[in-house]
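Here is a short briefing for a first look. Please view the sequence and the structure together.

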Amino acid sequence: MSDAETAALREPWIRYTEQRDVARFGMWIFIVSEVLFFGAFFLAFTYLRILHTEAFETASSRTGLAYGATNTVLLLTSSFTMSLAVRGSALGRHQLTTVLLGITAALGSAFLVVKGFEYRDDLDKGLWPGPSFPIKVAAAQLFFSAYWIITIIHVIHLTIGIGVIARLAQAIGRRRLPLVSPQLEIAALYWSFVDIVWVMLFPIIYLGGGA
Amino acid sequence: MSESGFWRAAIKDGALWLALLALVAISIFVAKSTRAYGFEIDLACAVLQVGLIGAFFMQLGAARPLILLTAASATAFLLSMFVLSLNDLFTRL
């Protein structure tokens, strides 16, 4: 084991490679459980869309495509910078890794800001299920019920990810965490998963409105 | 990792990023320009993006067999849940 790997070793592990492999496997198990969690939502959405296709298309056409597209670009770019941060850590470059982690967290925060403007816009248009819902097609409320639930849950996941990445950036920048620590790699896995969920959400929410 | 190895990997990641952005642009174009199967094409683009992110950003392609088995099992369960539920739905329509 190198000095860096020894510094990254935590109890109860006696070999760094075991610690790293278990950390990776643990994060994949968590990701799989989250895939099943979101998968249930996607299944329910698909089921409802097949039952109420026209209502869902009408509702989808009222979503803010510009907001959704902007957020998609922001998240894909953040996955790119996160991947570069992991590569930078393999190169042993503290400053490069810290800067890239900071950019990733900033892009994630920008997503939240755009999402906030989108939510405000949606609420101004009255797109909250209830008696004063503006689209007078019954099943359109089902679409927006699913929209609010699934996007808020995604925002919660994203916010946790931003916190983890910001903390990593600070710890690595202050050299309190060795670059070879598995924490960076598993944070990157989590962030890519959050990106994957949004990549699937984007077409079903924003692009289901038809031509 | 060497400096040149880092830049090679960074260029590959950059190419993947551009490919993902292109798929997003194609999805939006298809959604707005066609009615027939536009939504299905967009979903296919999304699944392709998921595959690319999983294989390259998450490095699932180079993962150990146990991780591949775990991911494959979850995917199989998810697909079977979709197929069986939709099959049930279509028998009632």
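The points below cover a cavity and a helix pair.

This is a predicted model, in which local features need pLDDT of at least 70, side-chain atom pairs count only at pLDDT 80 or more, and totals for chains, interfaces and linings use all residues. Residues are numbered from 1 along each chain as its sequence is written, chains are lettered from A in the order written, and side-chain values use heavy atoms, without hydrogens and water.

**The cavity**

- A search of the whole structure finds one cavity of 30 Å³ or more (on a 1 Å grid over the protein atoms alone, a set of points where a 1.4 Å probe fits but cannot get out).
- The largest cavity has a volume of about 60 Å³ (the space filled by probe spheres set on the points).
- Its lining includes A:Thr72, A:Phe202, B:Asp42 and B:Gln49 (lining residues have an atom within 4 Å of a point).
- H2(B) gives the most to this lining, with four residues (helices are DSSP runs of H or I, at least four residues, numbered from the N terminus).
- Seven nonpolar, three polar and one charged residues make up the lining (Ala, Val, Leu, Ile, Met, Phe, Trp, Tyr, Cys and Pro are nonpolar; Asp, Glu, Lys and Arg charged; the others, Gly among them, polar).

**The helix pair**

- H5(A) and H7(A) pack at about 30°, with axes 13 Å apart (axes are lines fitted to C-alpha atoms over the stretch in contact; angles run from 0 to 180 degrees between N-to-C directions).
- The two helices, H5(A) and H7(A), are therefore roughly parallel (under 35 degrees).
- Residues meeting across H5(A) and H7(A) include A:Phe111 and A:Trp198 (contact means heavy atoms within 4.5 Å).

Notes. 1 Å grid on protein atoms, 1.4 Å probe; cavity = no way out; pocket = protein on both sides within 12 Å on 5 of 7 lines; lining within 4 Å. Parallel < 35°, antiparallel > 145°, perpendicular 65-115°, else oblique.
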